[in-house]
Amino acid sequence: MNIFNRIFFHILLFSSILNATALNLNNEELNYINNNKIKVAMLPDFPPFSFLQNGTQKGFSYDLLKLVSYKSGLKFQVKTNKWPKNLKDFKDNKVDIIDSISFSQSRVPFTSFTLPYHESPLVIFSRKELDSFVGLESLKGKKIGITKNIFYKKDIEKLGLFKIHEYESFQDKLKALAFADVDIIFGHLHSTQNSIKKNGYTNIKALDELKLKNLKKTDLRFGINKKNKILFSIISKSLISISNKEWERLNS
């Protein structure tokens, strides 16, 4: 190791110690940080939050994870896969953290949820030729595309309005809408608009904001294995310590 690398290493080490002190981490948490590498399940196709670009992980939640690493000293290993695989690996304890998870009561037995890092309305999207919309009832009998294991599947089933088609990923269901395999999808406002533009789908429009009693918005969080209370504490302290300026920088 040359002198420049040694200096750089000591600067990073000193910075990490200062950050850990600022978080008020206890000895058990510091020991955990020093002796563990944390596996995180992230999505390859959920822009602008989590996506692959030329084989490299990018996005808002990835940048947020790097900031958590800087503040706490936690070392992360990202495992990128589609949502059904990520959720299965999380349930099977093959990863410690899952990204872009929304709160639902059914996930509480195996998930400790952080506070949301982003919230957005859920919006109904259709192709542009659909012009007879006057509320959800007017869509009765239509085919809806959903991602497998999406948190609101049961809410859709209870409506008894749609023919449900499940897809492996958000991008798959968006493509199904564009190519008329389904008639509508429900989507997170920003990520769906981002993907429509990126894919050049000129035949899709936002129909209306979803206004169901228990399903009005989607919240994005990190989910931590329920049994790993130490990791949850470290992540929570790190997120709470993020300043308004740092959030502004992430958002921009």
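Mentor: Start with one cut-off: a residue is called buried when its relative accessible area is under 20%. Keep in mind that this is a predicted model.

Trainee: How do you know that F162 and F186 are buried or exposed?

Mentor: F162 is buried, and so is F186. By the cut-off, each of the two therefore has a relative accessible area under 20%.

Trainee: What makes F162 and F186 an aromatic pair, and of which kind?

Mentor: The ring centres of F162 and F186 are 6.2 Å apart, and rings pair if their centres lie within 6.5 Å. The planes of F162 and F186 stand at 85°, and planes over 60 degrees apart count as edge-to-face. The pair F162 and F186 is therefore edge-to-face. The whole structure has 11 aromatic pairs.

Trainee: Why does the pair of F162 and F186 tie together parts that are 24 residues apart in sequence?

Mentor: F162 lies in the loop between α5 and β10, whereas F186 belongs to strand β11, so the pair links those two parts. Elsewhere, one aromatic cluster is formed by F46, F49, F60, Y117, F170 and F222.

Trainee: β11 pairs with β8. How do you know that β8 and β11 are paired strands?

Mentor: Two strands pair if there are at least two bridges between them. β8 and β11 are joined by 5 bridges and run antiparallel, with S126 opposite I184 of β11. The pairing of β8 and β11 therefore meets the rule.

Trainee: Which other strands does β8 pair with?

Mentor: β8 pairs with β13 in the antiparallel sense over 4 bridges, P121 having K217 of β13 as its bridge partner. β8 also pairs with β12, antiparallel over 5 bridges, and there R127 has I204 as its partner.

Trainee: What makes β8 mostly covered?

Mentor: Of the 10 residues in β8, 8 are buried.

Trainee: Which residues of helix α7 are buried, and what covers them?

Mentor: In α7 the buried residues are L189, S191, T192, S195 and I196. Their cover includes β2, β8, α6, β11 and β12.

How values were computed
Residues are numbered from 1 along each chain as its sequence is written. This is a predicted model: local features need pLDDT of at least 70, side-chain atom pairs count only at pLDDT 80 or more; totals for chains, interfaces and linings use all residues. Side-chain values use heavy atoms; hydrogens and water are left out. Buried means under 20% relative accessible area, exposed over 50%, partly exposed in between (1.4 Å probe, protein chains only). Contact means heavy atoms within 4.5 Å. Rings of Phe, Tyr and Trp (its six-membered ring) pair if their centres lie within 6.5 Å; planes under 30 degrees apart count as stacked, over 60 as edge-to-face and the rest as tilted.
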